[in-house]
Amino acid sequence: MNKLAQLDRQFVWHPFTQMRDWQRREPIVITGGNGAVLRDVCGKSYLDANSSIWTNLHGHRHPKINAAIHRQLKKIAHSSALGLANEPASRLAEKLVSVANSKLVGRASSRAGQSKSEGNGSSVASPHLSKVFFSDDGSTALEVALKLAYEFTRRTRGKTVKPRFLSLAGAYHGDTIGAVSLGHIDLFHKAYGGMLFPTDQVMSPYCYRCPFNRAKPERADARDYRRCRWECVGQVEKKFAAQKKKGNPYAAFVFEPRMQGAAGMIPQPDGWLRRVAEIARSHGALLIADEVMTGFGRTGVQSQASLFASHHEGVQPDFLCVAKGLTGGYLPMAATLTTQKVFDAFLGEYEEFKTFFHGHSFTGNQLGAAAALASLEILQSKKSVSQRSELEKSLREELPALWTLPVVGDIRQVGLVVGIELVKNWRTRESFALRERAGIRVCEALARRGVLTRPVGNVIVLMPPYCTTAKQLGKIVSSLRSAIGEVLPK
Ligand SMILES: *Cc1c(COP(=O)(O)O)cnc(C)c1O
């Protein structure tokens, strides 16, 4: 076994990994990468089909991001944001505010700080996001939003109020305790129940397995052939109404816009987010959008090119949480954007102690901010926009080939993100038991074919970097087809 692989097996504990399984095989040791390709210590190359767990945007070793990091490195790598400002973080905050308030699809104007809907269905309030709180990763971006929403609610509704949060069934918002409290994946979260604060969950639209969907399975994305009456929206309405009756309306509604990632790449039908956002607003709840996965163009290029999934549904949240792709996937950095109104609730004389007492050692890190600025510049270039729409189109063309496999139950694509749900029997939607490791085994067979991704349970995730060519994508999909055929023959 390779020396580095040996060291890994001896000393490293991997995330979300059964280490007993890990120790049974020789790990792939990555030593380099270029564009959509990763290389291992044996010289074998792989296509990075999940963008290194949903982080990488433009490919590895992008010359512009590399150069930006080099330039910054010649000045300084890091100084503290506690008591000091710095150049790239200041510039990045300005840039983030600018892209976070870009045109919403189907929205005329944005009104600062407004938080109540007019209730006629056409006027989700559009707060202006004007302040940026930096942190390190998706989990911390959510923690910041949670704590700010919690304290903002107490300061506006009264300190005796116990602010309560609503999130979606299957939600995943990170692995720190606040983020886990918002999460509703038993496999990950149940064991830690004793450490968590209580939150509520509401049905999320999972058309393929929706109890209200009366359509028989077809060889198509379940959103397109579903037969229902938007009962999922009705459930959200009920939940908000019931909580209001208890005399403590929800302080905030937390969601992943357009597609829930770790829940199993579960897409929302068009119009769902717009509707539930209106309901939440009409009940006075703050909106916390977790765009850790969906942000920075991942959900596709739309006519009024916003980089955020919420905007594609005409929704502007009060808190916009970004991480993974913020630096193009080069360095760990996150940001929580919010409104002047929330910011103002923390202003006061020092001795009033209204300060937001929260921060991390690497908040506002210069190298990360420099990478993020370069990444945003690339995102806004014509070349990147056309690259993304080409890739989206290629996905739409390549994926239908997978329908010939009887173990493919649902193929769901939102922009540049794809979930392929494997089932025992597509006519009945019967699932593989988790212990059969269907997704894991398919991804192992895929790795042998030179394509790397990780499943979420029985769902295979494809989320290639934006630079992936049509030819590379063709290889990803044909390899997946053959890997599924090998592991789950019918
Ligand atoms: C990955 C992810 C997180 C957590 O981010 P980390 O950087 O792993 O802490 C939170 N929310 C969503 C939607 C994610 O995909």
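Below are my entries, starting with the domains and ending with the ligand.

**Entry 1: the model.** I noted at the outset that this is a predicted model.

**Entry 2: the domains.** I looked up how the chain is divided. The domain assignment gives domain 1 as 3–61 + 386–487, while domain 2 covers 75–379. I then checked the distance between their centres, taken over C-alpha atoms, and found 27 Å. For the contact, I counted 42 residues from domain 1 and 43 residues from domain 2.

**Entry 3: the area between them.** I asked myself how much area is buried between domain 1 and domain 2. I got about 3500 Å², with carbon and sulfur atoms giving 57% of it. On the side of domain 1, I wrote down Trp 54, Val 414 and Arg 429, which supply 22% of the area this domain buries against domain 2, more than any other three residues.

**Entry 4: polar links across the interface.** I found 25 residue pairs in polar contact between domain 1 and domain 2, counting pairs with both residues at pLDDT 80 or more. The rule finds one salt bridge across this interface. I also noted a salt bridge between the side chains of Arg 209 and Glu 421, at 2.8 Å from N to O.

**Entry 5: around the ligand.** Which residues are around the ligand? My list includes Trp 54, Tyr 172, His 173, Glu 256, Met 293 and Lys 324. Trp 54 was already in my notes for the area that domain 1 buries. I sorted the shell and got four nonpolar, four polar and four charged residues.

**Entry 6: atoms at the ligand.** A backbone N or O atom of Gly 138 is 2.8 Å from a ligand oxygen atom. For Ser 139, a polar side-chain atom lies 2.6 Å from an oxygen atom of the ligand. With Asp 290, an N or O atom of the side chain is 2.6 Å from a nitrogen atom of the ligand. Last, I checked the cover: the ligand taken alone exposes 380 Å², and the protein buries 85% of that.

How values were computed: Residues are numbered from 1 along each chain as its sequence is written. This is a predicted model: local features need pLDDT of at least 70, side-chain atom pairs count only at pLDDT 80 or more; totals for chains, interfaces and linings use all residues. Side-chain values use heavy atoms; hydrogens and water are left out. A residue is near a molecule or strand if one of its heavy atoms lies within 4 Å of it. A polar contact is a pair of N or O atoms within 3.5 Å; within protein, one must be able to donate a hydrogen and the other to accept it, and residues adjacent in sequence count only if both atoms are side-chain atoms. Accessible areas come from the Shrake-Rupley method with a 1.4 Å probe; for residues, only the protein chains shown count as cover. Ala, Val, Leu, Ile, Met, Phe, Trp, Tyr, Cys and Pro count as nonpolar, Asp, Glu, Lys and Arg as charged, and the others, Gly among them, as polar. Domain bounds come from an automatic or database domain assignment. Contact means heavy atoms within 4.5 Å. Buried area is the accessible area (1.4 Å probe) that two parts lose on being put together, summed over both. A salt bridge is a side-chain nitrogen of Lys or Arg within 4 Å of a carboxyl oxygen of Asp or Glu.
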